[in-house]
Amino acid sequence: MPPGQEIDRRRGARRHVAFNGGPGCGLMSYSDPYSSVDPHRARHSGAAPDDYEPGFHTNLDVPGWAGPTQPVPETEPPYGGDTNGFADTTQLPVVSPRADRRPRDDDPDPAPPRRPGPGKRRAGPGRPPTTQKTSRAGRNLPAAIGVGVTLGAVLLVSLYTYKLAFLGVLALAVAVGIWEVSRAMRAVRAQPPTIPLIAGGVLMICLAWYAGADALLLGLAATLLAATVWRLADGPKDFKRDLTASTLIAVYVPFLAGFAALLAVPPDGADRVLVVLIGVVLSDTGGYAAGVFLGRHPMAPTISPKKSWEGFGGSLVAAAVGSAISCYFLLNVDFWWGALIGAALSVAAVLGDLFESMLKRDLGVKDMSHLLPGHGGLMDRLDSILFAVPTAYLLLSIFAPVR
């Protein structure tokens with residue numbers, strides 16, 4: 001090695017050589033033209049750099065050429081000794097040739113084109129991705145119909161075969177509804193005590209069944225007291241928020257559902273519950289059909305964008321006609337009063353649906369849960385019924401009192 005010359009042997013792209021041998025000699029930087037990690041070469045897009053020396057083994061068919069891809073002939077390394085930090089180019093990965101290269105005879109046969117199928121398609125320029133087909137109302141209609149028919153069959157069988165079975169179904173629905181709403185409340189970091197709420201909710205249903213409306217109110221007070229005592233163990237932090245959420249859940253789910261138990265207790269209780277179910281189902285179905293085919297004017301766009309005034313009119317008409325017929329044949333109520341009961345049930349059902357939609361928007365959730373295919377959670381089906389059963393209990397006690 002010539003005297004006065006110092007070599008930086010660090011592995012990398014640049015080697016700096018400092019000449020201090022004579023007067024007037026300054027510091028000169030030297031960039032290795034053969035290093036595969038040289039940034040000067042790495043930024044070229046497939047063409048050799050201007051300072052490329054001919055005769056060096058390269059492969060210009062590789063896009064993004066950034067250095068030699070062939071083994072260097074066995075020559076003595078510069079400056080003698082080791083490789084001086086040069087990159088080993090014999091282990092570079094094999095890169096496919098450019099698309100515009102001429103095919104050769106020894107090239108492998110290309111893979112056959114993939115046949116189009118019914119699967120999902122990726123998005124691309126001018127080609128949107130395939131999406132799952134849903135109805136215009138935004139739900140999976142076959143699954144929604146199947147789940148709705150199954151739930152209705154369970155209710156009717158329990159009503160007309162063994163009433164205590166209906167009490168068990170109602171208590172189970174209340175427990176699941178409390179769990180769903182309590183779970184959704186966690187989206188706003190509220191922690192209502194689920195265990196005392198579920199126990200108190202089942203107690204409220206049983207008290208309404210066996211002791212009447214006054215016992216239902218006592219059950220609500222006992223449930224709120226139990227939830228408050230349970231929450232005291234977690235300390236004062238967010239106590240007001242958790243207690244407010246507990247009160248909302250106790251009133252919204254088990255207290256309103258207790259009126260369904262009050263309706264079912266009399267000897268003709270099965271018919272009374274059936275009248276309510278017919279009115280709510282026809283209200284939902286009529287509103288859905290009218291909204292899909294005639295809906296033009298949004299009813300509450302900030303709460304439920306898919307609801308329209310035309311759909312609300314369809315709900316009123318369908319529920320009034322269906323309830324007039326069902327009340328006449330099941331409860332001996334005149335057609336006009338039956339139509340009035342049906343219209344009131346429709347208004348209550350729509351208000352219940354809007355209330356739950358507003359609650360879900362405030363919580364930032366789409367559905368209370370994913371328990372029922374095509375419906376979301378159980379509360380997404382009970383929202384209309386929970387507001388309709390107190391309305392029906394009041395109106396039927398006036399127009400069809402228990403004898």
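Leaving aside its neighbours within four places in sequence, which residues is Glu-356 in contact with? They are Tyr-252, Met-368, Met-379, Asp-380 and Asp-383, where contact means heavy atoms within 4.5 Å. The model is predicted, so that local features need pLDDT of at least 70 and side-chain atom pairs count only at pLDDT 80 or more, while totals for chains, interfaces and linings use all residues. Residues are numbered from 1 along each chain as its sequence is written, and side-chain values use heavy atoms, with hydrogens and water left out.

Glu-356 lies in helix H9 and is buried, at a relative accessible area of 1% (buried means under 20%, with a 1.4 Å probe and protein chains only).

Two helix pairs are set out below; helices are DSSP runs (H or I) of at least four residues, numbered from the N terminus, and axes are lines fitted to C-alpha atoms over the stretch in contact, with angles from 0 to 180 degrees between N-to-C directions.

| Pair | Axis separation | Angle |
|---|---|---|
| H8 (residues 309-331) and H9 (residues 335-363) | within 7 Å | roughly 135° |
| H6 (residues 239-264) and H7 (residues 269-294) | 7 Å | about 135° |

The contact of H6 with H7 is made by Ala-260, Leu-263 and Ala-264 of H6 and by Gly-269, Arg-272, Val-273 and Val-276 of H7.

How values were computed. Buried < 20%, exposed > 50% of the residue type's maximum accessible area, 1.4 Å probe, protein only.
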